[in-house]
Amino acid sequence: MENDLRLDDTQKEKYISLGMNVENKHFRNHYLSGNLNISNISNDYITDIKDYYKQFADQEINMKNHIVIKNLTGAEDVRFISREFLRQDIIPYFNDIGMINYYTDKNSYDLLFHEFNQPDTIIKNVRGQFLTNKNKHISFDEFIIKSSDVENGESVKKLIIDGENFILDNKAYTFEDIVNLYISNFTIQKIIKQHPVMAKLHPYSVNTLRIVTLRWENEIKHIYTFCRFGVNKDVKDNAGQGGIVVGVKDNGSFMDYGANRYEIVKKHPTTEIPVSELERIPNYEKCINLAKEMHKKVLHHDFVSWDIAIEEKGEPIFIECNFYGSAIVNQIALKRPIFGDLTDDILKKVYSKERASYN
């Protein structure tokens, strides 16, 4: 793969010396996007990064994120976290990986988080069985949908109900067709009518706040927030699906630029509305408090990413929770390390002898 990049031996050795795998797809994509230009990376910065991480881990640091963030935003901070450190060491330290499937099953949210605001579930399928939103088992014959627009959470597609027809991707299906298409373990929910501030950049998707919380020293702390916006009139807002993210400041106002994994954008690519025109998030503190309170219900995971939408009247509404998280687009969007001023203490804990007893 590296031959396609036309790297000579000297270039390859330089990138390898910075901890990078030149055969990795992430390296390839960033290199082709021009984000791995090392000509403006000072030797002092490289030395400082190495010295910083030597304090904590007896392993080489991949500096790809440091260099990408520097090239895209101009920010330099030795505390930026690499994908490898986050995925291989930090998250397994804080989260019980074996318990993730339990907490990510969207069909259990109304049980686990029943006291919190959530989308209205019309019907859900669990292992082939149909249940109402009250978890009462019903037969196929008893299933009646009266709402007009619903959304399938598993595949994130808009489903329009028109009489006995179910319109999906502009095609008409019977309910039996929908069941055969999704087979099992799906949910159908009413679409959320979101607040104008959240809809402004891309009204075609329900755009969500990604609020990250950490259980640290017996307290649930808010780590960071960014907002995800869909593109191309798609109903999905996920950055991994081509969407953009915009960082959120501590006061609930937005950064003046957006980002995806490979570039900075000043205007939304579909609507061409400037990111700088976004107003402050309504009820932002209430959104943060919602995430913190919900985290108290999650006992096996200390690092949780919450997707929170905001309804038309400004009320936060829980969409889903995740337990891995990004190590690049979030740091680009926020122009700061994932753990901010907690970084030193967290790295000391993760790479100390206390790790074995913590788990």
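Mentor: Gladly, and bear in mind that this is a predicted model. Let's begin with strand β13, where Phe 303, Ser 305, Asp 307 and Ala 309 point one way, while Val 304, Trp 306, Ile 308 and Ile 310 point the other way.

Trainee: Which residue of β14 stands opposite Ile 308?

Mentor: Start with the partners of β13. Strand β8 (residues 208-216) pairs with β13 in the antiparallel sense over six bridges, and there Leu 209 stands opposite Ile 308. Strand β14 (residues 316-322) also pairs with β13 in the antiparallel sense, over six bridges. In β14, the residue opposite Ile 308 is Phe 318.

Trainee: Which residue in the hairpin of β13 and β14 takes a positive phi?

Mentor: Look at the link between the two strands, which has five residues. The phi in question is near 100 degrees, and the residue that takes it is Gly 314.

Trainee: Now for helix α3: within what arc do its buried residues fall?

Mentor: The buried residues of α3 (residues 43-54) are Tyr 45, Ile 46, Ile 49, Tyr 52 and Tyr 53. An α-helix has 3.6 residues a turn, so residues three or four places apart point the same way. On the other side of α3, Asn 43, Asp 44 and Lys 54 are exposed. Seen down the axis of α3, the buried residues line one face of the helix, because they fall within an arc of 130 degrees.

Trainee: Which element gives the most residues to the largest nonpolar core?

Mentor: That core has 53 residues, and those with the most contacts inside it are Ile 81, Phe 94 and Phe 339. Among the elements giving two or more residues to this core are α3, α4, α5 and β8. Phe 94 is also one of the buried residues of α5. With six residues, the element that gives the most is α5.

Note on methods. Residues are numbered from 1 along each chain as its sequence is written. This is a predicted model: local features need pLDDT of at least 70, side-chain atom pairs count only at pLDDT 80 or more; totals for chains, interfaces and linings use all residues. Side-chain values use heavy atoms; hydrogens and water are left out. Buried means under 20% relative accessible area, exposed over 50%, partly exposed in between (1.4 Å probe, protein chains only). Helices (H or I, at least four residues) and strands (E, at least two) are DSSP runs, numbered from the N terminus. The arc is that of the directions from the helix axis to the C-beta atoms. Two strands pair if DSSP finds at least two bridges between them. A nonpolar core is a set of buried Ala, Val, Leu, Ile, Met, Phe, Trp, Tyr and Cys residues joined through side-chain atoms within 4.5 Å.
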